Structure formats: structure tokens, C-alpha cells
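Here are a few friendly notes to go with the model you are about to look at.

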Amino acid sequence: MAQDQATKQGLWGGRFTGTMDPLMHAFNQSFKYDQRMYDADIRGSIAYSEALKRVGILTDDEQKTIADGLTQVLQEWKQGTFVAKEDDEDIHTANERRLSELIGALGGKLHTGRSRNDQVATDMRLWLLDQLQDVEASLKGLITVMVARAENEQDALLPGYTHLQRGQPIRWSHLLLSHAFSFASDLERLQQLTPRVSVLPLGCGALAGNPFALGFQSLAENSLWGVGDRDFVAEFMMWASLTMTHMSRFAEDMIIYSTAEFGFVSLSDAYSTGSSIMPQKKNADSLELLRGKSGRIFGNMAGFIMTLKGLPSTYNKDLQEDKEPLFDSVDNVSACLKIAEGVISTLTIHPEKMKKALTSDVLATDLAEYLVRKGIPFRETHHVSGRAVALAETRKCQIHELTVEDFRGLHPLFEDDVMDVFDFEASVERRKAIGGPSRATIERQIMVLRKRVGA
């Protein structure tokens, strides 16, 4: 009973006389997961003590004593010697309790004009800003590896697929860079998100505001909004959901192309697993987990949005449910970016199998364009080329095995040089428009991506 009462007296118990149900005591605590914000909490508290000194709440000596005490608490965390107590409801309670153990009643002055409502919002923003730097570095690393492979493997040609049907010949580099551009857009959105995370709510008090202000990139201009806003949490999880959607699509391509039916790529043993019953199996578990994690991260976002949408203004205890999905999303998106970089940097491509998958029917569009160059409208040439494909199917041969006379029977403007159409490399090199698969356009894409990642 005395212990329960001590819990209430920690930060908020003055008006309570009854004891707390032990189950409610455990249910209310967030320390087991928010303790990872210990560094952000202490940094914010040291900065806040400076603000209290500037407005005369603390003397110079008092502020120094508090800052030194908090620094000692930080060292205990870093050295693994911090001792948690049962009454540590959250990281803020734990750090303030330990500070008061070290410096006495002076520690109680630190909370002047500050509520846990603005304190937790500040901690989360500080913590997330630190994580964004790591996530950005990992994302840049993934893009950089993709670009390097694309630059070195431009000779490899394979079919480009739509609807999982062979369409036209492209370069392996073109495919790889298509995924890199998705991740480059994610990088841009992440960088745009950072200023909206870097808003300081510390000094908003419980909800009515007070004059003690510190600065990030900007300040919370409204105290009601400052303590109750979690848009930055939702927006990061939205960003993570879209990024992992791109990750899942990349993983799906690589899973398909690594199957025996395609055989375009092989994963390194470092990123593969086997079967417990079938000895021949080499499973792309790294890619399957990347694909699977996307659903988990989307679920974190969707769940938190459902929590957020029904809340009245300012702070509500429901917002304690922001941390676990945020922490989980940060951890998993960071890990996925690093795993994807490892997969890409170590996989082996098989250009000969890619080339073998190139059948002459993927040049049907080139055949239509042959007549376009002779002034025939594309709608007509598309029909003519389709008839050539049908003729080859009827004869059970490839389209390039038709004779010049066969082509002339389909249209009189076909000449002997029509057979030059059936060259995969030449076909790819004709695609010189920006965004295409020719060597020149691939080099341009590489240059654009390197500029975006600052390489």
C-alpha cells in the first residue's frame, strides 16, 4: 500500500487518497518501452534547466547542479548501471526520480512550468530526429548500391514485363534503376518530413502554455496543438508504409527472377535459407521477409490512425499508444533498408539466362515502328505487326524466322532491311528518349540519382 501511494506521489498524486489497483499500476506504465528515449529525455531536461535559469527560476549554481546530475544519470544509462524502480511509470519519472536521489529536493524544481505532456512530445520529436538521420543514411546506402550495380552491368539485356508478360527488351540496369528512383522519391519525402518533426513543444505546459521556450527548427505556436499533436508520428509511419510498399515490389521482382523458372539472379548464401525437408531448396527468405514486413509497418500506421482519429483536443492517455508502433516501424524500416542493401550488393546476375528469355516476339513493337518510319500511322502498323505475330504462331516459329516475302505479304513497304529489326541491343539503343533503356539514358539516370543522394 505504501508503495502504491508512493507511485501516486511521484508526479501527480497530491489529490489522491486511495490506493491504485496493482493491475492498473502496471497497465498505466510505459517505462518498459519508452526507456529507449532516455537520451532525448535527459537532453531536453538539461536544455529546459537552461531556460529556467534564464527566467530566474534557477540560479546559476542550481542549474549547474541539475545539469551535472542529469549528466550522471545519462552516464548510468550508457554504462548499463541505471537501476529502475517499480514506481518508474515512464522514462520521465525514472530520470527525475534518479536525479532527486542524486541532488535532493532541488531536482523537483526542474518540473516548473513543464508537464509530462509537452515533455513526452519533446522527447519523441528529439528521438525521432535522431532516428531519421540513421534511416536517411541507410536509404542513401541502398540507392548508392543500386546505382553502382546499374553502372557496372549495363550489358545485360532481359525482357521487360507488363502484366508479367514479356513486353520489350530492356537493360537489367534499367530495371534496377526503376526501383532506385522509387527509393529516391522516398528519400525526398523523408527530407521534407524532417522540418515537421523538428518543432519544439517544450514549454507548452499541460495545455495552457508558459513563457519558457527553446528552439528546434521551429516552435509550437499553439500550446493546445503542441501537447496533442502526433501528426509527425503518423506522417513518419505513412512515409514508412509507402517506402515499404516500394521495398515489397522490389522484393517481389527479385523473388520471381531468382526462381528456377526465370533464373535471372541468384541470392548470396548470406541472405538465403534452406528447407528442413527438401535439401535442394535455397529460399529467398530475406526478400520474403522484406515483402512481409511491409504489411506489418502498414498495420502500425493504420492502427495508430484509428487511435488518433477519435481523440478530443490536447493530450489524452490514448497517445501513450503512439510509441510502440512508432518504435517498431523505425526499427523495422531501418533493418529492411540495411538488409536490402546487403541483398543487392551480394546477388549474382545471370546475363545468359536473361538473354535466353528474349524471344523475337518482344520486338513486335520495333516491327511496327519500322513501318512508322516509312510514314504509316502507328495504329495501322500495330495491326500489321500483330498479324505477323499471329502468322509466326500459326507456323510454330519465331517472328524473325518469317521470310521477307512473308512480311511483304502483310504490307508492301517491308523491304530486305526488315530483318535488321531483330536485334535486341539495337532495339534497346533506339530507346534514347529520357527515361529509356539506352546506354546514354541509363548514364543520365545514374547521374540524376547520384546527385539526389549527394554522391
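The points below take the pocket, then the cavities, then the cores.

1. Please keep in mind that this is a predicted model. The volumes and contacts that follow are computed from it.

2. If you are looking for open space, start with the largest pocket, which holds about 390 Å³. Its lining is made up of 17 residues, and those nearest the centre are Leu175, Ser178, His179, Arg249 and Asp253. Two or more lining residues come from each of β1 (157-162), α8 (172-197) and α10 (231-257).

3. Which element gives the largest share of that pocket's lining? It is α10, with six residues.

4. The largest cavity has a volume of about 60 Å³. Among the residues lining the largest cavity are Asp41, Ser45, His92, Glu96 and Arg114.

5. Both α4 (38-54) and α6 (91-103) supply at least two residues to the lining of the largest cavity, and α6 has the largest share, with four. By class, this lining splits into four nonpolar, four polar and three charged residues.

6. Now to the packing: the largest nonpolar core has 91 residues, and Leu128, Ile143, Trp172, Phe236, Met247 and Leu287 touch the most other members. Leaving aside residues up to four places away in sequence, Ile143 touches Ala180, Phe183, Ala184, Leu187, Leu449 and Val453. Another core, of 22 residues, lies apart from the largest one and includes Leu363, Val384, Val404 and Phe424.

Definitions and conventions:
Residues are numbered from 1 along each chain as its sequence is written. This is a predicted model: local features need pLDDT of at least 70, side-chain atom pairs count only at pLDDT 80 or more; totals for chains, interfaces and linings use all residues. Side-chain values use heavy atoms; hydrogens and water are left out. On a 1 Å grid over the protein atoms alone, a cavity is a set of points where a 1.4 Å probe fits but cannot get out, and a pocket is an open set with protein on both sides within 12 Å along at least five of seven lines; lining residues have an atom within 4 Å of a point. Grid points are joined across faces, edges and corners, and a volume is the space filled by probe spheres set on the points. A nonpolar core is a set of buried Ala, Val, Leu, Ile, Met, Phe, Trp, Tyr and Cys residues joined through side-chain atoms within 4.5 Å. Buried means under 20% relative accessible area, exposed over 50%, partly exposed in between (1.4 Å probe, protein chains only). Contact means heavy atoms within 4.5 Å. Ala, Val, Leu, Ile, Met, Phe, Trp, Tyr, Cys and Pro count as nonpolar, Asp, Glu, Lys and Arg as charged, and the others, Gly among them, as polar.
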